[in-house]
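Hi,

Here is the structure I promised to pass on.

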Amino acid sequence: MVRLACELIRIPSFTTEESPLAEWLANYLGEQGLAVTVQEIEPGRRQTIARLRGTGGGRSIMLNGHIDIDPLASGWTRDPFDPWIADGKLFGHGIYNMKAGVTACIMATLALKRAGVPIRGDVVLACVAAELNSGIGTIHALENGQKTDMAVVAEPYGARTILTKHTGTMDVVIHTLGRATHISKKEHGVDAIAMMMRAVAALDAMRFTHTHDPDLPGLPRLNVGSIIGGRGREHNLRGAYTVSDFCTGLTSTCASTEPERVDGGGRHPSHARRAGRGGSEVRVRDRVPAPARARARPARQGRGGRAEDAAGRADGATQPPPDDRGRAGAFRGPAAQSYAGNDTTHLWAAGIPCCLYGPGGGYIDYHDVHVDLEDLFLCTRVLALTALEATR
């Protein structure tokens, strides 16, 4: 398990750059005797689906994990792509979200194959791309013959947590349009960056209309995570002596409301509105293309129901064995980490009962990311037993 996890860490797989890892996984899983399909979800962008076939007549289960990883933050104490172990933890970029989960899904599937236990249903191992890009990898898999009777997504919520509900997310791209002038005539220009600063302040002060959910009392949430401004629609950064005429902000929202209501903030976004107190009028226009690498995602609305079948099987597999009564079973339901989106949205929409269960760990300000090895080992066992119970 550790050797495989280290191999995954060593292959960077940022969102839109997953193909090298997908190809490595295809070779590895093929060598292990699984039936492998490489899917091209966009031109030149690939993901890997593998299948352990049953004898027929049983229910199928998908073990789902995404191979795209979070952006790399500063502050690492060592090379983030050269894994190391300390204090029972495996460190390396991408291991927490979620190459440890991918490792657990793979090793659970291979454990069933190597043990030679009889299963009737198939185990589908979905190593998907683009989960951080609205989950289009899982959508592509579902639309191309990879539906199962149930699923577990191995997101990093910990070996003692089975998550059955999440908020869902929506990313929104905001552009401010200014008028470029030379610094010598700055007073005649309109600074798009300054307008974006006022827009951010207005967004932070905005009160969303949303439906209160007692399971998720921390809603709604909004974060402006990236801003880039410059000249022209490509955000040209040369010529800082010129007033910026185009600025883009990327925001992520978690709110129990419909996407179209978040989009307009109660009013149509093409209306002119004021950004902040005393601010000049800011025109907000629809359908200005986002930067290519932003890939803003549509809404992924959270769901609670239809998780019981998959969660119940995983819950049973986490119960302590007779000789280990001191260990507690799993917490089950929504939890503090539920303020996110994930691919259970798309599985649920396809009518597939599903839940979230995967090895936990942590990070400090997104650097020195790690997984707890005990969690990785336990989650792998639980996923193998869950798959066995589901398919026999």
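Let me start with Trp24, which is partly exposed at a relative accessible area of 25%. Keep in mind that this is a predicted model. Tyr28, on the other hand, counts as buried, with 16% relative accessibility.

The search of the whole structure came back with 4 aromatic pairs. One of them is Trp24 with Tyr28, stacked at 5.3 Å centre to centre and with 10 degrees between the planes. Trp84 and Phe91 are stacked too, with ring centres 5.0 Å apart and planes at 0 degrees. Both partners count as buried: Trp84 has 9% relative accessibility and Phe91 has 12%. Together with Trp76, Trp84 and Phe91 form one aromatic cluster.

Then there's Asp375, in helix α9 (residues 373-391). What does Asp375 have around it, given that it is buried yet has no salt bridge? The nearest side chain of opposite charge is Arg160, 6.5 Å away. A polar atom of the Asp375 side chain does lie 3.0 Å from the backbone nitrogen of Ala159. Beyond its neighbours within four places in sequence, Asp375 is in contact with Gly158, Ala159, Pro359 and Gly360.

Cheers

Terms used:
Residues are numbered from 1 along each chain as its sequence is written. This is a predicted model: local features need pLDDT of at least 70, side-chain atom pairs count only at pLDDT 80 or more; totals for chains, interfaces and linings use all residues. Side-chain values use heavy atoms; hydrogens and water are left out. Helices (H or I, at least four residues) and strands (E, at least two) are DSSP runs, numbered from the N terminus. Buried means under 20% relative accessible area, exposed over 50%, partly exposed in between (1.4 Å probe, protein chains only). Lys and Arg count as positive and Asp and Glu as negative; His and the chain ends are not counted. A salt bridge is a side-chain nitrogen of Lys or Arg within 4 Å of a carboxyl oxygen of Asp or Glu. A polar contact is a pair of N or O atoms within 3.5 Å; within protein, one must be able to donate a hydrogen and the other to accept it, and residues adjacent in sequence count only if both atoms are side-chain atoms. Contact means heavy atoms within 4.5 Å. Rings of Phe, Tyr and Trp (its six-membered ring) pair if their centres lie within 6.5 Å; planes under 30 degrees apart count as stacked, over 60 as edge-to-face and the rest as tilted.
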